[in-house]
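User: Can you walk me through this one? I want pockets and helix packing.

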Amino acid sequence: MNSYTSTRTRELVTVAIFIAIIILQSWVPALGYIMLPTISLTIIHITVIIASILVSTRAGILIGFVWGVNSLLRAIFTASPVERLIFQSPFVSILPRMIMPFIIGLLAAYLYKKNMQTPTIGLITGLLGSLLNTILVLGAIGLFKGADFAAGNNINMDQLWPFLGAAVMANGIPEAILSAILTPILLIALERFGNRKRIS
């Protein structure tokens with residue numbers, strides 16, 4: 001009983017820390033994005049991926065939900081008119097951010113059961129999690145807010161999906177490569193700090 005209580009307490013504290021990090025990353029651009037001369041790379045999803053691996057799938061979903069809610073709030077209070085119109089939809093701002101950690105958490109649990117090494121798990125989940133996030137968000141935009149997105153970018157509806165596909169290539173691929181590099185590095189460091197792998 002004491003062991004269960006200790007594990008549960010540790011999980012709750014860890015989740016609270018991850019939630020605090022997500023909130024900071026959502027509202028302080030320098031913490032959630034890497035600004036390069038030509039593109040801005042999102043790194044917030046790496047926090048969600050690591051939580052899904054290091055803590056549990058349900059923790060990843062919760063932290064993804066918090067990220068999505070903050071995306072929605074940012075759309076309401078600070079975004080451009082086009083972004084506000086698109087990301088005010090929870091199907092765009094919240095749902096994809098919950099589906100990604102659900103899939104990644106299950107994948108991580110499976111890979112751990114196969115005794116795969118942490119660096120490999122981090123590389124695989126970092127790469128796939130980042131691509132999933134990009135594809136799910138852009139896919140949700142196309143499905144639920146396609147007309148608004150097309151109008152805001154001055155394109156015809158028949159150009160919508162090629163335009164979104166180009167966005168995957170332009171931002172999604174570099175973000176996935178960065179995530180595949182950073183996720184295993186951070187995961188190894190956090191595992192050593194905590195002296196154990198997955199909490200639950």
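**Pocket and helix packing**

Analyst: The crossing of α3 and α8 is right-handed. Keep in mind that this is a predicted model.

User: What angle do α3 and α8 cross at?
Analyst: Roughly 130°, and their axes come within 10 Å. α3 covers residues 44-54 and α8 covers residues 118-144. The two helices are therefore oblique to each other.

User: Which residues meet there?
Analyst: From α3, His45, Ile49 and Ile53. From α8, Ile121, Thr125, Gly126, Gly129, Ser130 and Asn133. By class, that contact of α3 with α8 has three nonpolar, six polar and no charged residues.

User: Switching topic. What volume does the largest pocket have?
Analyst: About 890 Å³. The lining has 29 residues, and Tyr33, Thr42, Glu83, Phe87 and Arg97 are the closest to the pocket centre.

User: How many of the lining residues are charged?
Analyst: Four, alongside 14 nonpolar and 11 polar residues.

User: Which elements supply at least two residues each?
Analyst: β2 (40-42), α4 (57-77), α5 (81-87), α8 and α10 (160-194).

User: Back to packing. How do α4 and α7 pack?
Analyst: At an angle of about 160°, with axes 7 Å apart. That makes α4 roughly antiparallel to α7. Their crossing is right-handed.

User: And which residues make the contact?
Analyst: α4 brings Thr57, Gly60, Ile61, Gly64, Phe65, Trp67, Gly68 and Ser71. α7 brings Arg97, Met98, Pro101, Phe102, Gly105 and Leu106. By class, the contact of α4 with α7 has seven nonpolar, six polar and one charged residues.

Notes
Residues are numbered from 1 along each chain as its sequence is written. This is a predicted model: local features need pLDDT of at least 70, side-chain atom pairs count only at pLDDT 80 or more; totals for chains, interfaces and linings use all residues. Side-chain values use heavy atoms; hydrogens and water are left out. Axes are lines fitted to C-alpha atoms, for helices over the stretch in contact, and angles run from 0 to 180 degrees between N-to-C directions. Helices (H or I, at least four residues) and strands (E, at least two) are DSSP runs, numbered from the N terminus. Angles under 35 degrees count as roughly parallel, over 145 as roughly antiparallel, 65 to 115 as roughly perpendicular and the rest as oblique. A crossing is left-handed if the near helix is turned anticlockwise from the far one by less than a right angle, and right-handed if clockwise. Contact means heavy atoms within 4.5 Å. Ala, Val, Leu, Ile, Met, Phe, Trp, Tyr, Cys and Pro count as nonpolar, Asp, Glu, Lys and Arg as charged, and the others, Gly among them, as polar. On a 1 Å grid over the protein atoms alone, a cavity is a set of points where a 1.4 Å probe fits but cannot get out, and a pocket is an open set with protein on both sides within 12 Å along at least five of seven lines; lining residues have an atom within 4 Å of a point. Grid points are joined across faces, edges and corners, and a volume is the space filled by probe spheres set on the points.
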